[in-house]
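Colleague: I am new to reading protein models. Could you walk me through this one?

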Amino acid sequence: MERVKAVFNWSGGKDSAHALLRALKSGRYEIVALLTTVNRDTRRSTMHGIPLPLLQAQAASIGIPLHAVDLAPAGTMEDYGAAMARTAERFKRQGVRCFIFGDIFLHDVRTYRERQLAPLGIEVAEPLWGRSSEAVMREFLGTGLKTVVVTAPADLFGPETIGRRIDRAFLDSLPAGTDPNGENGEYHTFCFDGPIFRRPVPFRLGDPFSRSYDVRLDDGSTRTYTYWFARLEA
């Protein structure tokens with residue numbers, strides 16, 4: 001079977017690592033790069049807050065080159081779309097025909113990805129797609145992938161959540177109604193060991209800190225969101 005040349009969209013977290021493991025095991029893809037987006041000022045990944053040196057260390061341990069896309073700190077979705085379109089064009093010229101993601105059920109997100117990539121002749125693959133969150137999490141716990149929580153909203157979690165391992169005890173402690181995979185943004189993680197890695201990725205967590213963001217809603221009002229973050233460092 002001829003493998004499809006692909007780019008894997010890498011967040012550095014749990015679902016990303018899980019999806020990559022499934023993609024590699026399928027034997028369907030020749031994955032030429034791990035693609036990630038990085039805040040141009042902080043040099044950390046968006047939302048997960050993983051510093052670039054740790055993303056590079058993950059990629060080195062996995063054995064697939066990292067391609068980082070710089071994003072403006074307060075950029076719009078249009079800015080993001082333009083940056084990703086330029087990146088997709090570059091990979092298309094290298095023969096890439098597929099972008100792989102780690103989504104589970106977010107239909108609006110998948111539709112957006114397909115709408116952006118289809119005009120370039122690039123298909124979207126989602127190795128975790130179409131299964132229940134519970135089934136995906138059960139499989140994840142059996143993979144041997146090791147992750148810690150590095151970001152969590154303050155309205156759901158306290159600072160003690162930062163640094164916790166994703167295991168059965170953590171899942172049993174989740175507030176009612178929380179998606180076990182954090183698919184709705186309930187928490188974000190850093191993956192540092194497991195079957196996709198040649199060796200564990202060393203890291204330091206530091207003390208957790210909080211940061212607040214004002215977001216303009218569709219009705220014109222503004223809402224403040226506060227998150228806990230790990231002081232994650234290589």
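Colleague: What share of the 234 residues of the chain counts as buried?

Modeller: This is a predicted model: local features need pLDDT of at least 70, side-chain atom pairs count only at pLDDT 80 or more, and totals for chains, interfaces and linings use all residues. Residues are numbered from 1 along each chain as its sequence is written, and side-chain values use heavy atoms, with hydrogens and water left out. Buried means under 20% relative accessible area, exposed over 50%, and partly exposed in between, with a 1.4 Å probe and protein chains only. Of the 234 residues, the buried share is 48%.

Colleague: How many helices and strands are in the chain?

Modeller: Helices here are DSSP runs of H or I with at least four residues, and strands are runs of E with at least two, numbered from the N terminus. By that rule the chain has six helices and nine strands.

Colleague: What is the radius of gyration of the chain?

Modeller: The radius is taken over C-alpha atoms, and the globule rule is 2.2 Å times the number of residues to the power 0.38. For 234 residues that rule gives 17 Å, and the chain's own value is close to it, so the chain is as compact as a globular protein of that length. The radius of gyration of the chain is 17 Å.

Colleague: At what angle do helix α1 and helix α5 pack?

Modeller: Two packed helices are described by the angle between their axes and the distance between the axes. Axes are lines fitted to C-alpha atoms, for helices over the stretch in contact, and angles run from 0 to 180 degrees between N-to-C directions. Helix α1 covers residues 14-26, helix α5 covers residues 133-143, and their axes are 11 Å apart. The angle is about 80 degrees.

Colleague: Is that parallel or perpendicular?

Modeller: Angles under 35 degrees count as roughly parallel, over 145 as roughly antiparallel, 65 to 115 as roughly perpendicular and the rest as oblique. So α1 relative to α5 is roughly perpendicular.

Colleague: Which residues of α1 and α5 make the contact?

Modeller: Contact means heavy atoms within 4.5 Å. From α5 come V136, M137, E139, F140 and T143. From α1 come K14, H18, L21 and R22.

Colleague: Is K14 buried or exposed?

Modeller: K14 is found in helix α1. Leaving aside neighbours within four places in sequence, K14 is in contact with M137, F140, T147, I166, N181, Y187 and T189. Its relative accessible area is 2%, so K14 is buried.

Colleague: Is R22 buried or partly exposed?

Modeller: R22 lies in helix α1 too. Not counting residues up to four places away in sequence, R22 touches P127, L128, R131 and E139. The C-alpha atoms of R22 and P127 are separated by 6.3 Å, though the two are 105 residues apart along the chain. With a relative accessible area of 30%, R22 is partly exposed.

Colleague: What covers the buried residues of α5?

Modeller: Those buried residues are S133, A135, V136, M137, F140 and T143. Their cover includes β6 (146-153), α6 (168-172) and α1.

Colleague: Which residue follows α5, with a positive phi?

Modeller: Its phi is near 90 degrees. The residue is G144.

Colleague: Where is R43?

Modeller: R43 is a residue other than glycine, yet its phi is positive, near 60 degrees. R43 is partly exposed, with a relative accessible area of 31%. Its place is in the loop between β2 (29-39) and α2 (52-62).
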